[in-house]
Amino acid sequence: MAVEATDTHRAIDAVWRIEAPRLIAGLARIVRDVGLAEDLAQDALVAALQQWPDQGIPNNPGAWLMAAAKHRAIDQIRRRTLLERKHEQLGYELDSAQAAPDLDAMLDDDVGDDLLRLIFTACHPVLSTDARVALTLRLLGGMTTDEIARAFLVSEPTIAQRIVRAKKTLADKHVPFEVPRGPELAARLSSVLDVIYLIFNEGYSPTAGTEWTRPTLCDEALRLGRVLAELAPEAPEVHGLIGLMEIQASRLRARIGPSGEPVRLLDQNRTTWDRVLIRRGLAAVARGERFGGVRGPFLLQAAIAACHARAATPEDTDWPRIVRLYDELAALSPSPVIALNRAVAVAMAQGAAAGLALVDALGAEPALKGYHYLPSVRGDLLQKLGRSDEARQEFERAARLTQNARERDLLAARARSCGQRNLL
Amino acid sequence: MRFMVLVKANKDSEAGVLPDRKILTEMGKFNDELVKAGVMLAAEGLHASSKGARVRFDGQKRTVIDGPFTEAKELVAGYWLWQCKSKEEAIEWLKRAPFDQTEVEIRQVFEMDEFGQEFTPELRAQEERQRAEIAKKK
């Protein structure tokens, strides 16, 4: 969508961002095809771009766009050959909708459900993770292909292709436009949460190739998460995800130093932690825990993040509580990475020697082979125990393993800080 | 981006008179929409200025002045904090609020990294390289 950036166009862009997800969701329920729904929505946008600069933005832009999209749907039905059943179904739904006196109220009733259907469809496991992410940002974030491409540092045609193929897959596999029920729901919800958290992490954690945070993606993920929390308030893991993201986002300003170097949690300047986000994150964790029962992985990770958020200084951190939370997390989904993080917490709670014993036990873990964090942690604990030579070697090993140049510099500096060979 | 939306006081709010039920209901619905859209970050109402105070600074001198303060139009009665992608989006949301006969102000909140932590030469070079890489892939 190449438009001049006039005031009106920027305003229309803003309206689009607000209205697009509901519009697409409502249309998808009617035409039962997410790809077609988006095409119709885009047609409505084109009409808006043509008419609104002269007529002004209507008071109820959502209703205007929906009416415009339906007009085009009717046109399409008249021109194309559709299955008899679909034609009748569409014709019936559109006719009855137009005969209804209060179109907006009718749409409003279903809007929440439709949005939920759209979220589940965009995150359907039949699609690759990349496809799910792109489709979610496109349909639910109202992001343009170009915006998505820039956020993920890939070319626009790559994203465009990804979205086209995703819609085709959904159509080919006849993925129904619905909220999953029963036993399927938990797994499908998990998939949705994973997609949202993936988007968040893209913005939060510098991966190889990017060296700083991209707050836009974090913002998008937060927005999507909050929308989902309103749509599915009875799912504790949703609140867990929001809690985790809000609290992690509260640290965005503190995570990266002036030269782009990553700053460890315990070294961060806590006065730059965003207290509005912390408050929201803690509230979300509380909401999730109110349900009782066994806490899921997102809620547990959020609870751990909450422990850090509550500590005014690193010394105030409730490390024993963090250890217990890692115990629960490990019981749910044992993994060497979780075990390593737990070892760090144990070291803080019970002393470096206790932590080191656990870290040593992880030394042979194949999953941690190329992971720079393991030798980095080991080096830290050895340094605390006064075993400087061994500490230096670990930091040097960690520096070799990391792909982040700034991190490498930091680790090399820590190696040097271990001092000369101990002659005693 | 974050925006603070400032609602001004008026004679009624200064007198502690609550808005009528219809407005309260509509405002409640509007706040609901903001929450459902993931835009709402915070919202607070402020007590009338009769409960407030001002501190005047003059060199080392401090003078306390108790409310109420005149010029209701210039007093803040409440604020929202919204997360929006652009000022235009904040404006579009505010247009949907059930206000009448008043002006409500939108101000962008400073992000910490706008406070003079300069974009270092390394970071700038990094961004240039990445732009070049993306351009190459096109």
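Residues are numbered from 1 along each chain as its sequence is written, while chains are lettered from A and ligands numbered from 1 in the order in which they are written. In this predicted model, local features need pLDDT of at least 70 and side-chain atom pairs count only at pLDDT 80 or more, whereas totals for chains, interfaces and linings use all residues.

**View 1. Chain B from end to end.** Chain B holds four helices and six strands. Helices (H or I, at least four residues) and strands (E, at least two) are DSSP runs, numbered from the N terminus. Read from the N terminus, the elements follow the order β-α-α-β-β-β-β-α-β-α. Of the 138 residues of chain B, 14% count as buried. A residue is buried if 20 or more other C-beta atoms lie within 10 Å of its own, exposed if 12 or fewer, and partly exposed in between, with C-beta atoms placed from the backbone. Among contacts in chain B with a separation of 6 or more, 72% come from residues 24 or more positions apart. Two residues are in contact if their C-beta atoms, placed from the backbone, lie within 7 Å.

**View 2. The open sheet of chain B.** Strands of a sheet pair through backbone hydrogen bonds, either parallel or antiparallel. Which order do the four strands take in this open sheet? The order is E2-E5-E1-E6, and the pairing is antiparallel. Strands E2 (40–45) and E6 (105–108) of chain B sit at the edges, each pairing on one side only. On average, neighbouring strands are turned by 20° against each other, direction ignored. Two strands pair if DSSP finds at least two bridges between them. Seven bridges link strand E1 (residues 2–8) of chain B to strand E5 (residues 76–83) of chain B in the antiparallel sense. In E5(B), B:Trp82 is the bridge partner of B:Phe3. Helix H3 (residues 87–95) of chain B lies across E1, E5 and E6 of chain B, and runs at about 155° to E6(B). Axes are lines fitted to C-alpha atoms, for helices over the stretch in contact, and angles run from 0 to 180 degrees between N-to-C directions.

View 3. Strand E3 (residues 53–58) of chain B is joined to strand E4 (residues 61–66) of chain B by six bridges. E3(B) and E4(B) run antiparallel. B:Val55 stands opposite B:Val64 in E4(B). The hairpin has two residues between its strands, and B:Gly59 in the turn has a positive phi of about 65°. How many of the six residues of E3(B) are buried? The count is zero, and the strand is hardly covered. In the loop between E4 and E5 of chain B lies B:Pro68. The peptide bond from B:Gly67 to B:Pro68 is cis, with omega near 5°.

**View 4. Helices H15 and H16 of chain A.** Two packed helices are described by the angle between their axes and the distance between the axes. Helix H15 (residues 319–332) of chain A packs on helix H16 (residues 336–350) of chain A at about 160°, with the axes 8 Å apart. The two helices are therefore roughly antiparallel. Angles under 35 degrees count as roughly parallel, over 145 as roughly antiparallel, 65 to 115 as roughly perpendicular and the rest as oblique. The contact residues include A:Trp319 and A:Tyr326 of H15(A), and A:Arg342 and A:Met348 of H16(A). They divide into 13 nonpolar, one polar and one charged. Ala, Val, Leu, Ile, Met, Phe, Trp, Tyr, Cys and Pro count as nonpolar, Asp, Glu, Lys and Arg as charged, and the others, Gly among them, as polar.

**View 5. Helices H16 and H17 of chain A.** The axes of H16(A) and helix H17 (residues 352–361) of chain A come within 6 Å and cross at roughly 160°. H16(A) and H17(A) are therefore roughly antiparallel to each other. Among the residues that meet are A:Leu340 and A:Gln350 in H16(A), with A:Gly355 and A:Leu358 in H17(A). This contact has nine nonpolar, two polar and no charged residues.

**View 6. Two loop residues of chain A.** A:Arg32 lies in the loop between helix H1 (7–31) and helix H2 (34–55) of chain A. Its phi is near 60°, a positive value in a residue other than glycine. A:Arg32 counts as partly exposed because it has 18 C-beta neighbours inside 10 Å. A:Leu153 lies in the loop between helix H7 (145–152) and helix H8 (156–172) of chain A. A:Leu153 has a positive phi of about 55°, although it is not a glycine.
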